[in-house]
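Opening the notebook on this one.

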Amino acid sequence: MKENLKFYGHDTVALAKRYGTPLYVFSANCFHASVEAIRRAFQKTKLDVTIHYAGKAFLTKAMCKLVAQEGLHLDVASGGELFTALQAGFPAEDICFHGSNKSNEELQMALDHRIGLIVIDSFDEIDRLTNLTTPEDRVDILVRIAPGIEAHTHELIQTGKVDSKFGVPASMVPQLMETLQELPRFQLKGLHCHIGSQITETEGFIKAAEKMLEIYAWIQKNYGQSFDYLNLGGGFGIPYLPQDPCIDLNALFTDLGEKVRDLCTEYDLKIPQLMFEPGRYLAATAGVTLYTVGTIKEIPGQKTYVSVDGGMMDNPRPALYGAAYHAEICNGKDEDKPVTVRISGKACETDTLIDQILLNDPQVGDILMVHATGAYNYAMASNYNRLPKPAVVLLMDDQSDIISRRETYEDIVRLDEIPSWLED
Ligand code: LLP
């Protein structure tokens, strides 16, 4: 009998048995290795770089602790993410707050806790923040600009185009500067842009940096203002399938650093500290999902369906973006008997997780591991079909701990209320 599949030294079948399935498993060792890899790549810029982990990819209180332990800053994009970070005791001054439609309550929470930076996304947000502050207050801000760059990625995750709900269009920078001149309570530390997610080509990032520095030069010329920071967002893609391309971060950051230094010389600008906000690059490959195979149907003349005990509720990405994943059977088998199958979820939908994949002799009761689910899986999970969300287990060396408990049916009905007129 061959050995069971291991994930960072842990027997995946044993993990499934101990914690149940479906199960999200996240490796702190892998996360650490990715942080180190991106740090080394950022050094190629030969510039000062701050890394903000994008919490939207995957955030729990333990994750906030891990991010702090790695010496990273944190990007949050909602009151819920901010609350999670504050509850975990994440240093408020290292938090940067995003969002295209932040509410008064969310902004107030950010102000009350004096978080590091608020990234303003619109003129309406300037109005809201003005109403929440006094002329004597000082609030450090960045403003998100839509630089008008089309990143090569899925349309739904392109976020830097002119026609976008995110940020202030580059053409409205003059109006923005006029508005902010009247409001010295807002200390404009720099500008931000984020062109999209799961980008594997380097060109878009370079173009975005060019555009942003062009704007910096215009602002310096017209307002005599120079900036401490330039935040170029996240979006670095990862290989989901063994044959997928991997973004060449060393090449990207060598070129990007050179471009920033050259343009700052050309425009006579102070070289800003660069900020990046990787989410997926740091979290995706650190996570896997373990499922139990429940039903196998061989449809004559068609295909074989392998149904697992999770689906679009724990991983909506295939349904939303046509995202592709790689998977393997975890149980050690005596011989290799590869079969081509479709992996389906258990939702009342055609929730295909993987359209076509070779699995080694899948059997009912086997454990299946889907790779690279550490980003935007737990974070985007739902209770569709009133299914409880899986637990999350954190692996560190040979230790494993639950960092988010499995939901129970009690949790499913916890917030339900029955109006008196419906009571028996
Ligand atoms: N910074 C900002 C302002 C962002 O909007 C995002 C992602 C990031 C950083 C992090 O991007 P990353 O490095 O993770 O690509 N749910 C989609 C991804 C949406 C990303 C939204 N913004 C997916 O599952 O592919």
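Below are my entries, in the order I looked things up.

**Entry: the model.** I am working with a predicted model here.

**Entry: ligand site.** I began with the residues around the ligand. There are 20 of them, and Ser197, Glu277, Arg280, Arg317 and Tyr376 come nearest. Serine 197 puts a polar side-chain atom 2.4 Å from an oxygen atom of the ligand. For tyrosine 376, I read 2.6 Å between an N or O atom in its side chain and a ligand oxygen atom. Aspartate 75 has a polar side-chain atom 3.5 Å from a nitrogen atom of the ligand.

**Entry: salt bridges.** My tally for the structure is 14 salt bridges. I looked up a few of them.

Glutamate 125 and lysine 102 pair through their side chains at 2.8 Å, N to O. Which parts does this pair tie together? Glutamate 125 sits in helix 6 (residues 123–132), while lysine 102 is in the loop between strand 6 (95–97) and helix 5 (104–112), so the bridge joins parts 23 residues apart in sequence. I noted that glutamate 125 and lysine 102 are both buried.

Lysine 6 bridges to glutamate 3, with the closest N and O atoms 3.1 Å apart. Lysine 6 is partly exposed at 42% relative accessibility, and glutamate 3 is exposed at 63%.

Arginine 414 and aspartate 411 make another salt bridge, their closest N and O atoms being 3.4 Å apart. I got 58% relative accessible area for arginine 414, so that one is exposed. Aspartate 411 has 24%, so I put it down as partly exposed.

I also found Lys189, Asp228 and Lys270 linked in a salt-bridge network.

**Entry: asparagine 331.** Is asparagine 331 buried or exposed? Its relative accessible area is 19%, so it counts as buried, given that the cut-off is under 20%. It belongs to the loop between strand 15 (327–329) and strand 16 (338–344). Leaving out residues up to four places away in sequence, asparagine 331 touches Asn4, Val13, Asp366 and Ile367. With isoleucine 367 there is a polar approach too: a polar side-chain atom of asparagine 331 is 2.7 Å from the backbone nitrogen of isoleucine 367.

**Entry: nonpolar patch.** Last, I looked at the surface. Ile418, Trp421 and Leu422 form a nonpolar patch there, with about 390 Å² of accessible area together. I followed up on leucine 422, which lies in the segment after helix 12 (409–413). Its relative accessibility is 47%, so leucine 422 goes down as partly exposed.

Note on methods
Residues are numbered from 1 along each chain as its sequence is written. This is a predicted model: local features need pLDDT of at least 70, side-chain atom pairs count only at pLDDT 80 or more; totals for chains, interfaces and linings use all residues. Side-chain values use heavy atoms; hydrogens and water are left out. Helices (H or I, at least four residues) and strands (E, at least two) are DSSP runs, numbered from the N terminus. Buried means under 20% relative accessible area, exposed over 50%, partly exposed in between (1.4 Å probe, protein chains only). A polar contact is a pair of N or O atoms within 3.5 Å; within protein, one must be able to donate a hydrogen and the other to accept it, and residues adjacent in sequence count only if both atoms are side-chain atoms. Contact means heavy atoms within 4.5 Å. Patches are made of residues with over 30% relative accessible area and no salt bridge: like charges are joined within 9 Å, nonpolar side chains (Val, Leu, Ile, Met, Phe, Trp, Tyr) within 5 Å. Accessible areas come from the Shrake-Rupley method with a 1.4 Å probe; for residues, only the protein chains shown count as cover. A salt bridge is a side-chain nitrogen of Lys or Arg within 4 Å of a carboxyl oxygen of Asp or Glu. A residue is near a molecule or strand if one of its heavy atoms lies within 4 Å of it.
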